[in-house]
Amino acid sequence: DEVFELYSVPVAGGSPLKLSGALVAGGDVIDLHVTADGTRALFLADAVVDGRQEFFGVPTDGSTAPVALDPVPNLEPVTHSWLKPDGTHLFFTRRQIVASPPFGLPAYRDTLYALDLLSPNRVELAKAHFSTNFFVQPFGSSFQDLRITPDGQRIVFTDYVEGEDGPDEIVLRSTAIDGTQTPVTLSQGTSNFELPYQVVPTGRV
């Protein structure tokens, strides 16, 4: 069977260096981020338990073995991830199957987390929005975009509600990266298509 592992090699050529370490049978490296200074790789893999996706950190020079970053990994799949530019936080979403309103039918719902890579510590930031429109039966709800404010203290993100039979809905929200605040809604009403937005240094969107 194919196995996907993580390696580093000098751009001028040379011997490849394996960074992902030993993987459990059936395990693979799934996703990758590298810090801005290029010294650390953060990768998603089911390295310990086949099918259990979790994040690991390793120096890009291979000087130490990979270290697990999430203190409470589980079997819910990771659907998106974003690395804070200063390399101190990793934001990611995990997906659950839940009973959705208004009729309690099965639907997927993503939850947004922040990993403080200096601790490491994980906090829940938000659950994806479900429509308040009685006529929209959601097929699922996820996060499609995430941006970090210039001061690094908040994130701005879009919730995407995929309607099973009705229109999709997109909502723009914001919250503090330390998980101490309830997310606030920034958009006026809802839209069924994503409009461009920009986070500016004055603290406005």
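The protein chain exposes about 10,800 Å², and carbon and sulfur atoms supply 55% of that area. Accessible areas here come from the Shrake-Rupley method with a 1.4 Å probe, and for residues only the protein chains shown count as cover. What you see is a predicted model: local features need pLDDT of at least 70, side-chain atom pairs count only at pLDDT 80 or more, and totals for chains, interfaces and linings use all residues. Residues are numbered from 1 along each chain as its sequence is written, and side-chain values use heavy atoms, with hydrogens and water left out.

First, the overall make-up. The protein chain has zero helices and 14 strands. Both are DSSP runs numbered from the N terminus: helices are H or I with at least four residues, strands are E with at least two. Of the 205 residues in the protein chain, 41% count as buried, where buried means under 20% relative accessible area, exposed over 50%, and partly exposed in between (1.4 Å probe, protein chains only). Among contacts in the protein chain with a separation of 6 or more, 41% are between residues 24 or more positions apart. A contact means heavy atoms within 4.5 Å.

Now the sheets. Strands β3, β4, β5 and β6 form an open sheet in the order β3-β4-β5-β6, with antiparallel pairing. Two strands pair if DSSP finds at least two bridges between them. The edges of this sheet are β3 (29-34) and β6 (67-68), each pairing on one side only. Strand β3 is joined to β4 (residues 40-45) by five bridges, and the two run antiparallel. Val29 has Ala45 in β4 as its bridge partner.

Next, strand β7 (residues 78-83) pairs with β8 in the antiparallel sense over five bridges. Leu83 stands opposite Leu90 in β8. The hairpin of β7 and β8 has five residues between the strands, and there Gly87 takes a positive phi near 75°.

Strand β8 also holds Arg94. Is Arg94 buried or exposed? Arg94 counts as buried, at 0% relative accessibility. A polar atom of the Arg94 side chain lies 2.5 Å from the backbone oxygen of Glu76.

On to the aromatic rings. Rings of Phe, Tyr and Trp (its six-membered ring) pair if their centres lie within 6.5 Å; planes under 30 degrees apart count as stacked, over 60 as edge-to-face, and the rest as tilted. By this rule there are four aromatic pairs. One of them joins Phe55 and Phe92: the ring centres are 5.2 Å apart and the planes are at 55°, so the pair is tilted. Phe55 sits in strand β5 (residues 54-59) and Phe92 in strand β8 (residues 89-100), so this pair links distant parts of the chain, 37 residues apart. Both Phe55 and Phe92 are buried.

Phe92 has a further partner, Tyr113: their ring centres are 5.5 Å apart with planes at 25°, so that pair is stacked. Tyr113 lies in strand β9 (residues 105-116) and Phe92 in β8, so the pair ties together parts 21 residues apart in sequence. Phe92 has a relative accessible area of 0%, and Tyr113 counts as buried at 8%. Through these ring pairs, Phe55, Phe92 and Tyr113 form a cluster.

Last, charges over rings. Such a charge is NZ of Lys or CZ of Arg within 6 Å of the ring centre and within 35 degrees of the ring normal. Arg95 lies over the face of Tyr108, 4.0 Å from the ring centre. The charged end of Arg147 sits over the ring of Tyr197, 4.0 Å from its centre.

Conventions. A polar contact is a pair of N or O atoms within 3.5 Å; within protein, one must be able to donate a hydrogen and the other to accept it, and residues adjacent in sequence count only if both atoms are side-chain atoms.
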